[in-house]
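Read it with the sequence and the model side by side.

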Amino acid sequence: MGMLDGQVAVVTGGSRGIGRATADALAEAGARVMATGRGARPADLPDTIHWFQGDVADPASVETLRGATEQALGPATILVNNAGIQVEKTVTESSDADWDAVIGINCRGVFNCCRAFLPGMAEAGGAIVNIASISGNQADPAMALYNASKAFVHGLTRSIAVDHGPAVRCNAVSPGWIMTGMADAAFAMASNPAAAEADALKRHAARRFGQPEDIARAVVWLASP
């Protein structure tokens with residue numbers, strides 16, 4: 001018997017990295033999982049995990065996701081808002097297109113999903129886990145929009161906890177450097193990638209970078225009874 005037997009979980013940004021590890025961990029804990037992303041179903045996604053191709057920045061797409069989840073698995077009792085992107089620019093370097101992309105997914109996407117799934121969760125009970133970032137509390141250089149978007153996630157998480165608890169628990173996980181494609185891309189953009197990686201590692205008390213599975217385990221615990 002898994003600790004999440006009988007639960008229905010939705011994981012956004014579930015094709016790779018933290019999202020994929022979380023979808024796998026939730027399924028291993030007994031939940032029925034609907035993972036979603038903007039691309040086609042990943043070839044290596046287990047058959048036990050359902051897939052929805054859509055855009056969380058689009059309210060209509062999120063409503064379709066909610067309906068598809070209910071039809072295939074039943075009403076969602078767990079929502080993991082993981083989908084996110086980053087743009088490595090300062091405020092003056094950021095364009096309107098950068099704003100639309102980062103704020104659209106990182107902020108509006110989280111809001112759209114919470115707004116769509118909260119009513120059903122409020123009736124039956126549920127848990128929302130938002131993937132925020134340490135960047136929402138301490139700004140990384142040249143990551144203005146990303147930093148701001150994650151601060152929004154922290155604020156929205158607290159608001160949902162206040163407004164919709166205790167029927168719905170809402171928490172955020174704030175990863176540091178997690179070894180995903182996003183981290184690799186960030187290091188690659190540095191003038192000296194090896195030095196940038198060494199500097200980042202020195203700021204980690206554990207003296208290692210995080211792995212997607214580290215975050216996935218935290219999500220499963222927060223989603224559990």
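What does arginine 207 count as, buried or exposed? At 56% relative accessibility, arginine 207 counts as exposed. Buried means under 20% relative accessible area, exposed means over 50%, and partly exposed lies in between (1.4 Å probe, protein chains only).

This is a predicted model: local features need pLDDT of at least 70, side-chain atom pairs count only at pLDDT 80 or more, and totals for chains, interfaces and linings use all residues. Residues are numbered from 1 along each chain as its sequence is written, and side-chain values use heavy atoms, with hydrogens and water left out.

**Backbone**

Most residues other than glycine have a negative phi, and most peptide bonds are trans.

Alanine 142 sits in the loop between strand 5 (126-131) and helix 4. Arginine 207 sits in the loop between helix 6 (193-202) and helix 7 (212-223). Helices (H or I, at least four residues) and strands (E, at least two) are DSSP runs, numbered from the N terminus.

The peptide bond from glycine 165 to proline 166 is cis, with omega near 0°. Proline 166 belongs to the loop between helix 4 (144-164) and strand 6 (168-173).

**Helix 5**

In helix 5 (residues 181-188), Ala183, Ala186 and Phe187 are buried. Seen down the helix axis, they fall within an arc of 95°, so they line one face of helix 5. The arc is taken from the directions from the helix axis to the C-beta atoms. Gly181 and Ala188, on the other side, are exposed. Helix 6 is included in what covers the buried residues of helix 5, where contact means heavy atoms within 4.5 Å.
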